[in-house]
Amino acid sequence: MMAEFQEVSKQSGLHPKPAGLVLQYGTAGFRTNAKDLDHVMFRMGLLATLRSKKTKATIGVMVTASHNPEEDNGVKLVDPMGEMVTPTWEGYATQLANAEQEDLLTALKDVIEKEDINMSQEANVFVGKDTRSSSASLSQAVLDGVSALGGKSKDYGLVTTPQLHYMVCCQNTQGKYGEATVEGYYKKLCQAFIQLTKNASNCTDDQKHLTVDGANGIGALKVREMESHLKKELHISLFNDGSKGKLNHQCGADFVKVQQKAPTGIEMNPGERCCSYDGDADRIIYYYSDSKGQFHLLDGDKIATLISTFLKELLTQAGLDLQIAVVQTAYANGSSTRYLEDTMKVIVRCTKTGVKHLHHAAQEFDIGVYFEANGHGTVLFSKAAQEKIQQLAENTGTDDERKRAALLLQNTVNVINQTVGDAISDMLLIEAILAIKSMTVQQWDAIYSDLPNRQLKVKVSDRRVIDTTDAERRAVSPDGLQEAIDGLVKKYRQARSFVRPSGTEDVVRVYAEAETQESADDLAHEVSLAVYRLAGGVGGEPKPLH
């Protein structure tokens, strides 16, 4: 034990913490300018080793800053089943990252004591990194941290975030989830995709064509590697592949969603399906331009609707009584919620913003479909649901229609990466559904029409004055704010609005939607003014948008 601590002391001197720097483990781990992260990475290597000893399982550490600019980096910890690390351990991560150099050992011993960790237990950590220039040295710092505490590590090198989550899950299920190699990942997903598309009647080469914006990131490299496994069942034109552009610069899922326009560096033909990944390939957004050159976005809500509709139809055909639900956040477009509840008769559950909240809620159902509007999401199948599907598919007495539906469901389960949102896996599922239903991107878009909406932010001196309830849909403080919002919403048709404090900076985020864009803009501005006046706004009053 002492020898290990001496090693930690020695090694941590090579990864010193800048004095006074304070970082917070957010929804997606630590994220900041890469030059401030070396000590954090070393310490996350230490923490992952402790987590592995505690859980007696393999833990993952992914070095990435997702959709942030190229000069940033970050780190995400992955728990044994491929899920995000538990909240208690997020707290430990923050403590360790912020401990001053001389207090590091004390902070480490504190975790060991609190969690009653047996230090002689062996530890295994999987490490992956994205394509940022800083990722190589930062992932080395993680590996140094693991070895300092006597842990074993496996360096997967360049992988997408979802691929690393997948590897961890495969490892800890002794291969039941799949084979813990990149090759194994491609095989599992592509074989399922090919089985699914066999059910698509006479698909033309045009219909098999998809334009992909790789955000100049890791997703571009990996989709290239995967292409040969697709056996020409999907023709991908890859843009922003990292050969010349900057990571996430004027491209990628976040850019397209926020700017509501096509990424730079992509050739769009009218009516053609296009999609964008984010920097670490755990989000996906679809879009197209119509014959008039008008841009159309199909975000996480549209994706969740397409997938849940498909699954619901298959369950009916298979005669399986399984409960399916869609989990959304307050940012989900009101039209999608109405369509799912009223037309599809699907349960809709609303949670706080942040993937971990959605993932948790989705686990309560036989089949839980969750997508944030930003395109981050997946589908979870309970163990019982997977067993029922498998029994039906393998039962020789099942009639043809039920059997076909059961086999489709089985392949759908296999094409989905249930550990975390996965741009590549979601893309394959969406492409298979569109092919099976012989649907064009326009027909998919027309399932329902989004209500016009607007997002704004208001700078305040302290974001903590805002407190919310009802999955962030209503403000409980400051006094009078919710009443003010209710009054403003009444002025417009099909309107709603909510405010929530940012997780990272002193701003309050305002969301408004209404029957027309002008109404949504006006409502968002009026609510911003109310926030500014009642919640301690700083700087000038918010200006009207028109």
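**The interface of domain 2 and domain 3**

Mentor: Bearing in mind that this is a predicted model, begin with the division of the chain into domain 1 (2–158), domain 2 (181–450) and domain 3 (453–534). Between domain 2 and domain 3 the count of salt bridges is zero, whereas five residue pairs, both members at pLDDT 80 or more, are found in polar contact across their interface. On the side of domain 2 that touches domain 3, the elements that contribute two or more residues are α11 (334–343) and β12 (347–351), and by class this side comprises four nonpolar, four polar and two charged residues.

In terms of extent, 10 residues of domain 2 are in contact with 12 residues of domain 3, while the centres of the two domains, taken over C-alpha atoms, are separated by 31 Å. The size of an interface is often expressed as the accessible area that is lost when the parts come together. For domain 2 and domain 3 the buried area is about 940 Å², with carbon and sulfur atoms giving 48% of it. Within domain 2, the residues that lose the most area to domain 3 are Ala330, Tyr331 and Cys350, which together account for 55% of what that side buries.

As for the annotation, an unreviewed UniProt entry places the feature "domain: Alpha-D-phosphohexomutase C-terminal" at residues 457–528. Over that stretch, 457–528, the chain is 29% helix and 32% strand, and its end C-alpha atoms lie 7 Å apart.

Key:
Residues numbered from 1 in each chain as written. Predicted model: local features only at pLDDT ≥ 70, side-chain atom pairs only at ≥ 80, totals over all residues. Heavy atoms only, no water. Domains from an automatic or database assignment. Contact = heavy atoms within 4.5 Å. Buried area = accessible area lost by both parts, 1.4 Å probe. Salt bridge = Lys/Arg side-chain N within 4 Å of Asp/Glu carboxyl O. Polar contact = N/O pair within 3.5 Å; in protein donor to acceptor, adjacent residues only side chain to side chain. Helix = DSSP H or I, 4+ residues; strand = E, 2+ residues; numbered from the N terminus. Nonpolar A, V, L, I, M, F, W, Y, C, P; charged D, E, K, R; others polar. UniProt positions renumbered as here; feature names shortened; annotations may be inferred.
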